[in-house]
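Subject: Structure handover, with notes on chain C

Dear colleague,

Please find below the structure that I am passing on to you. My notes on it follow directly after.

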Amino acid sequence: MLTLKCPYCGIQADETELSPGGEAHLTRHGPGSSDGDFHDYLFARQNRRGVHFERWRHAFGCGKWFLAARDTQTLQVFGTYPAQVLEPPQHIRDAINQSQN
Amino acid sequence: MSTRLATGGRLIDRTTPRHFTFNGKRLTGYAGDTLASALLANDQMLVGRSFKYHRPRGIVASGAEEPNALVGLGRGDRFEPNQRATTTEVFDGLEATSQNHWPSLNFDIGAINARFASFLPAGFYYKTFTWPRSFWKHLYEPIIRKSAGLGRAPDPEARDPDSYEHFHAHVDVLIIGGGIAGMETAKRIGETGVRVLLIEQDVDWGGRAPVDGGEIGDQPPEDYIGGLLASLNAMDNVSLRTRCMGAGVYDHGYALAYERLTDHTPAAKGPRHRLWRIRAAQIITATGALERPLAFAGNDLPGVMLASALRDYVVNWGVSPGDRTVIVTNNDDAYRSALILRRAGLAVPAIVDARVLPQDSPLMAEARALGIRILQGHAIDHVIGQKRVTGVALCAHAGAGGAVIDEIACDAVAMSGGWSPVVHLWSHCGGKLCWDETRAMFRPDHNRPPTGDKGQAFVTTTGAANGMFTLQEVLDDAVATAAQITKTPPMTSAAPQAQAQEEAPLAPVWMMPQGAGVHHRAKAWLDFQNDVKVSDVQLAAREGFESVEHAKRYTTLGMATDQGKLSNINGLAILSGALGADIPDVGTTTFRPPYTPISMGAIAGPGRGDTFQPIRRTPIHDWLAANGAEWEPVGQWRRPYCLKRPGETTHDAVTREVTNTRKNVGLLDASTLGKLIVKGPDAGRFLDMLYTNMMSTLKPGRCRYGLMCNENGFLMDDGVVARLDADTYLCHTTSGGADHIHAHMEDWLQCEWWDWQVYVANVTEQYGQIAVVGPNARKLLEAVGGLDVSRETLPFMGWVEGALGGIPVRIFRISFSGELSFEIPVKAGYARHLWDHLLSACRDFGVMPYGTEALHVMRAEKGFIMIGDETDGTVIPQDLGMDWAISKKKTDYLGKRAQARPDMARPDRWKLVGLETCDGAVLPDGAYAVAEGRNANGQRKVFGRVTSTYYSPTLGRGIAMGLVQNGPDRLGEVIHFAKSDGVTTIEARIVDPVFYDKDGEKQNV
Amino acid sequence: MSETQATPAMALGGAAFNGLISIREAAPQAMIALRGDLASIEVKNAATGVTGLDMPGPRGANWVGDRAILWMSPDELLILCPYDEADSALAGMAGCLDGRHALVTDMSDARSSFDLRGAGLRDVLAKLTPADMSRTGLPVGELRRSRLAQTPAAFWLKSETSAQIICFRSVAQYVFDLLKTAAQPGSAVAFFDR
């Protein structure tokens, strides 16, 4: 059972205090988008064995959504960060690179 | 015979007898006894029958690894099967019963299976009972189930009267195992001030050391343990728990421990078991080692025990399992048992040692000095006896067996095949093992530990669990482990010096004699609990079950509660031998938690009885409960299906409630309705994205019904939105949907449109809500008084604020029944006041509360959809004929793009219609409209289904709504719905879904 | 009608239990949710003006008597004051916020609250919440939002022997039943006593 640190309230939360929200950094495709783009937005997911960027909500806590970079195989967590970004911040990328060198 | 010795027994108190029963027989033990030691003290060697062959079985071990002595404990509501006699403390009034025999333990008809054992090898059931197919379910399986298996399940009507609890502990270091290794490590880590939790599954501290002897720094182990315990008790940062087993180790430093609080004192107050849910930065497993049996013919007869268990019974409980004990071993440790037995005045006619050593080791020399006969290079050919050991026949270990050299009369056999570290908890979360050739055992591979959230190793292991078996090795390992955890250099305080005799190396023995023939192998047990023999594992290998996991499942070796404790290594070795592979290449099966079984009650913890799950109650709940509410779950809410009066059926009550509401006035507790405040400069824009229709154009003071879809285009919720002021809206959701829709809103605001200025608050529970519905509704509110609710001031889809009967309220003029209807939110603390007020305001208006079924019937009469009935996650608003609620002007809303996908725009989708049976009967809920012919899967063709179906008291007939292919184009057509028998059908006509007051005149008065 | 308003009904009518600790359903209290930019002077003034208390830092709880400011999330505070002051507090806060984007909502009736007293309250709470209930895990004066068994709750210690729990009103009975069982005689753990 995982623990993840909520970047908003600073609580090292138990998995049972969180609700999962699937893959992070999806780009929304709305009206006018191609069938292919819209299909991928709705249905295509990385489902990686390895580093996965994912959404979590601190549901039994401050209620905020945050993002996590986590290895789905080892369960190593490279960091959590606020959801208001379009791509993983540099310090998260650095942590991932560091572990893979 | 087995008996209580006149002296000795470090754990028992001979001045305090304990009376208990075994199979109804009254027996006596002492305080400190386990059920196993007390049974042995009463010469009750036979304790059960085996799983498959019903062979007589006796106590083998002295602890958690016991495979045979599983008994039923207690009676009635407190009956519990499969409890280990070796870990059950005896108390006054304990009732134990043996298992898996009929009619009695001594005479068991099922034992005939053993006569046919050669016809019942591994996989026998799989191969034999395959034909004819129908016989399996009705004939073979019931018989096999009756004859196989262990304890019986408790009575399904029994209700466990005890309570259980959880406890969450966060610690720096969790140490599992309170032997010398665990205690020494705990003390050294504890001295640095970090938070330590040390748990021990047994009642007593110190593990095996007090029995196994030696000296630590000039003290006997017992004294040294006492000193350690005193130091640990003195540390504020160290918590100690006994009777607390490390059950499992999981991701990110999570561990479960199982504490047995009152099993030994059933009359005590408080919970019976406590499940510890632990988060530890570091876990140290100091779980010791288990002795392995030896596989020789007849090794399952009562009286054959582990050598270490035998000396445990003598030293700990003053019990001798036999007067004459033959020791059989491949290592030096078993000699300790011989010495202890001999010094307790018991006969040890021989030590049968498979090894041939060039010279005596110190332990051997000591045994020889006591006059014990040592037979090197010997093996047990077979054990003699029926229900218990009467002797052993010996042969050369190097041979194939059958050539008996000697027979020795004895009533107990102490076997030792060497020791295996308890690697279970290390392995639970991915710790890997390596094979130690010298000691013939798997030990934790410290290069491949379980890793935690930072990629760090979070489990380490110490002492015997780490393959360190001598006192000095254990102490040195504990010191090194503590140094590694505390990150202080080792040797700051060296380990105490221990004295113990040097041991000659063990010789691996997986089968005895070494080349045992077929006949011997079929009598040599590997897994006592699951009745798996050497020959079964070899058969599995021959039949191609080469993977260890396959062989395990084919033979059942090491399955169930054993989890490979006794059987694992011997079984793997036999399998690898049969495959001609090395043991480490064959590998081990997966060790799964829990280490030993834990109670269902402990797992449930507080989740039982009244606190099984949160039940949400409205402020009017108590009144409803006192007035005949037949409860219906709506999410975690409880809502009244109807309010039954004495003598009424449910159907009567619903009919009465509908009729009265249509004729007079009804009250509904609508408090569960979801209420979300959405506020901010961008609130209108936000709601335009969430709802399919336009909300930003709604005028303050007005209400609008709206639909909400997800990005897939499917309808997810509906409700009325009221605009409170320029930048504030109140969105009503379905009763079950409030939390979900709140989360949905927050998701979009936080993760997609985070630059929009909108705040949302879930005020569902701030207000009770009462719906006042029916032709007399306005008159009733006027009688209560305080607010102008006239048609002019409060028109349909409008709202007003003020005080009703002195209670501040808001009143929405909305209707879900087609009647004149007011929905009144009121602060929850005053909801009951208002409810009472409305009920008592005036008797003349026929005011009467109604429940959810009447609500459903009335909405269906009006053709209003219900989320979850007409929708199921695959229905779009267009399917429900609700195109009117979809804005054509908006460039975007959630679901808009999806609704443009080809499948959504397909003309022949199933669409909403009304359905009327031709004979007025009620259609079965969920029934499918069937057509001639079958589809590609051979199923009946279908083209529609019933989504809501009720008896309408207003119309005096069955009415229904359903989704039918091209439905709205087929008005008047009669179609057929399948009944649940799959054969007969019921005819229904497709009609308009609005059955009642099509022009809406009644709600608009 | 000029009938005077009765006192608000409590979810459990003031239920109480004495076991390892004493548990009592607290009297109604005004609870006002304030969402906004906590760094803005208007939001700060709204919160501190009503209570006379300082702004708490993240996860902080500042209180005096029955007034408190609880830090709920980076953009939300919960303001506590006497129940009958709710309307004036709402109006006062709205005045402070004049024009700034913020949300003030009355939650007084949406919640139930329990007072816990006694030496074993960390132990009792640790039976129900996965939060770290040690002195360092949850110091006095820090608000923890977590769950009690299966329902959300917020709680903070006012001292080592006094705590307040806030939960949804609809689950008051569930929470009370949980607490009663967790505080039953004979169930002491004494894990945090040391």
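In chain C, among contacts (heavy atoms within 4.5 Å) between residues at least 6 apart in sequence, 61% join residues at least 24 apart. The model is a predicted one, in which local features need pLDDT of at least 70 and side-chain atom pairs count only at pLDDT 80 or more, while totals for chains, interfaces and linings use all residues. Residues are numbered from 1 along each chain as its sequence is written, chains are lettered from A and ligands numbered from 1 in the order in which they are written, and side-chain values use heavy atoms, with hydrogens and water left out.

Chain C contains 4 helices and 11 strands, these being DSSP runs of H or I with at least four residues and of E with at least two, numbered from the N terminus. Of its 194 residues, 59% count as buried, that is, under 20% relative accessible area with a 1.4 Å probe and protein chains only. Along the principal axes, the C-alpha atoms of chain C fill a box of roughly 55 × 45 × 25 Å.

Turning to the interface, 15 residues of chain C are in contact with 12 residues of chain A. The area buried between the two chains is about 1,000 Å², with 55% given by carbon and sulfur atoms; buried area is the accessible area (1.4 Å probe) that two parts lose on being put together, summed over both. C:Arg59, C:Arg144 and C:Arg147 supply 40% of the area that chain C buries against chain A, more than any other three residues.

Definitions and conventions:
Buried < 20%, exposed > 50% of the residue type's maximum accessible area, 1.4 Å probe, protein only.
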